[in-house]
Structure formats: structure tokens, C-alpha cells
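Colleague: Please take a close look at the aromatic pairs in this model, and then at the strands beside them in your notes. I would like one connected account.

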Amino acid sequence: MPELTGLEPAAARDWIERWDRQQEVYLPDREERFTALIDAVEAGAGRPDPLILDLGCGPGSLAVRLLGRLPAATVVAVDADPVTLALGRAAHADVPGLRFTDVDLRAPGWETGLGLGHPVDAVVSTTALHWLTAAELRGLYLVVAGLLRPGGLFLDGDHLRLDEAEQPVLARLDRELEEREDQRRFPDGHAEDWGQWWRAVAADPALTDPAAERERRSVHHHGPESTLLAVHVDALRAAGFAEVGTIWQRGANRVLAAVR
């Protein structure tokens, strides 16, 4: 990844604060979901110093919250986006137990360079894995199953929806309720959104090289079928997980859990 020049920790933290605010445009219950997911890690890890793998970590929003609750944990935070990795490394260099790793989850053998040393207690992710195709998800979950210790947890916080082909009425109602709630919460519209945040990043000279590398890697492709709950559930079961289910939910916004 290109070396950064001129990105100060305070500036990186400012960018991450803006990141968090624009994420809340799409996830007004984001902090509640973080709390539920971290509760599950704390309750299910079985030890105060778990080894945790964070997939699609972005700038480390979940990772730093995990370590705030579990300061003896080790979190290996994985992403392939040069911009968010650069921000996370600059902003959180002083956070004990946090290690960012530049890894493309689409690449065969991505797990070999993690340097984990032993099976992990939990694998977590938030608002990231829907970017993979269904085939890539199936391969990913097979790898995740092999990385987890027996009884270890996989926890994914994301918008995972019902399939309109199988449940057309409920799927439409789900979307309608979400839209109505959004209108009630934000009657005057939203502030900075995803696209505006990325355009602002591209205009920052300190982030020019990572932004160019992001374009070169094409890390922002999307597999629309992977927003379906059934795609994730079926792939996890095919990977050998013993139990799969939703443990927290607000409409399509949920924490999907699986037990190794």
C-alpha cells in the first residue's frame, strides 16, 4: 500500500468521525448494533483475552469499540481498502492489541498471511460482507470455519433482507417500514452521505495516493445477491456451522450469528 505523507493522527480521527456520521445516515441504530455484537463477543468468547478477527474492518470503528470493552483482547483487523486502512492506522496507532492487515478477502489463500498463531475465538464483521458475491461468500465462510476454534462465534452486523421472490409481501413491508422510519427520524433529509464522504476524501492531498490505489484495486464492487439473508444463512450452514440465526434485529438491520 502506498506510504502516507502528511496524514496526522488528529486529521485521521476527524475523517473517521465524519465516516461514523455518514454511516449513521444508513444505520441510525449503528451504536446499538455495535453494542449487541460486542455483548455477544464478551458473553461467548469464554475468556477476557480473546483473539478476534475483524473482516472488512474499514477504519477500525468496530475494532476500537471491541478493545474499549475487552482491553486484553487482540483484534486483527482486515481490509483491502487503502483509504480506510490508512485512516485506521494513523488514527489508532496507539491502541494496544489492534493490528491492521491489508488483505483482499476475495483472494484465494487470504488467511495465510494473518499470522494468527492459533484458532480465533470470534470472527466479526459489520456492513462489509454484502460487497462480496454469493460465490465469494461461500468460499469465505469455509475459510472462517477453519479459523475458528470449536464453539467459536461468527458475528455479522449488516442489512440482510428477505428474498422478494420467496416472501414478496413481507419483503416489501420490511422496506416500507424502513423508509417510513427514516422519514420520521430525518424529516429534513440527511447530512453528508457515502458518496459525498468519498468525494471529500479524494480532494484531500494527504489521501491522494491511497485513493488512487483504491481505484486501481477496484475494492468497491458489489454482489447484490449478498444482501439477502438466505444467501448468508445457506453459506454458513454449508460451511459446517452448527447453529445459525439472528440474535439482534431492527428491520433488515441485524446481527447474524453462527457457532462453529
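Modeller: The structure, which is a predicted model, holds nine aromatic pairs. One of them is formed by Trp131 and Trp194, whose rings are stacked, with 5.9 Å from centre to centre and 25 degrees between the planes. This pair links distant parts of the chain, since Trp131 lies in the loop between β4 and α5 (134–147) while Trp194 belongs to helix α7 (residues 194–202), and the two are 63 residues apart. Trp131 has a relative accessible area of 23% and is therefore partly exposed. Trp194, at 28%, is partly exposed as well.

A second example is edge-to-face: Tyr141 and Phe154 have ring centres 5.1 Å apart and planes at 65 degrees. Here, too, distant parts of the chain are linked, with Tyr141 in helix α5 and Phe154 in strand β5 (residues 148–159), 13 residues apart. Tyr141 is buried, because its relative accessible area is 0%. Phe154 also has a relative accessibility of 0%, so it counts as buried.

Trp131 and Trp194 are also members of one aromatic cluster, together with Trp15, Trp19, Trp197 and Trp198. Over the face of Trp198 lies Arg214, at 3.6 Å from the ring centre.

Turning to the strands, β1 (residues 51–55) is mostly covered, and five of its five residues are buried. In a regular strand, side chains alternate between the two faces of the sheet. In β1, Leu51, Leu53 and Leu55 point one way, Ile52 and Asp54 point the other way, and all are buried. Strand β2 (residues 74–79) runs parallel to β1 and is joined to it by five bridges. Within that pairing, Leu53 has Val76 of β2 as its bridge partner. Between β1 and β2 the chain passes through helix α3 (residues 61–69), in a β-α-β crossover that is right-handed.

Strand β4 is likewise parallel to β1, with four bridges joining the two. Leaving aside residues up to four places away in sequence, Thr126 touches Arg33, Phe34, Leu37, Gly56, Leu62, Asp156 and Gly157.

Terms used. Residues are numbered from 1 along each chain as its sequence is written. This is a predicted model: local features need pLDDT of at least 70, side-chain atom pairs count only at pLDDT 80 or more; totals for chains, interfaces and linings use all residues. Side-chain values use heavy atoms; hydrogens and water are left out. Contact means heavy atoms within 4.5 Å. Rings of Phe, Tyr and Trp (its six-membered ring) pair if their centres lie within 6.5 Å; planes under 30 degrees apart count as stacked, over 60 as edge-to-face and the rest as tilted. Buried means under 20% relative accessible area, exposed over 50%, partly exposed in between (1.4 Å probe, protein chains only). A charge sits over a ring if NZ of Lys or CZ of Arg is within 6 Å of the ring centre and within 35 degrees of the ring normal. Two strands pair if DSSP finds at least two bridges between them. A crossover is right-handed if, with the strands pointing away from the viewer, the path from the first strand over the helix to the second runs clockwise.
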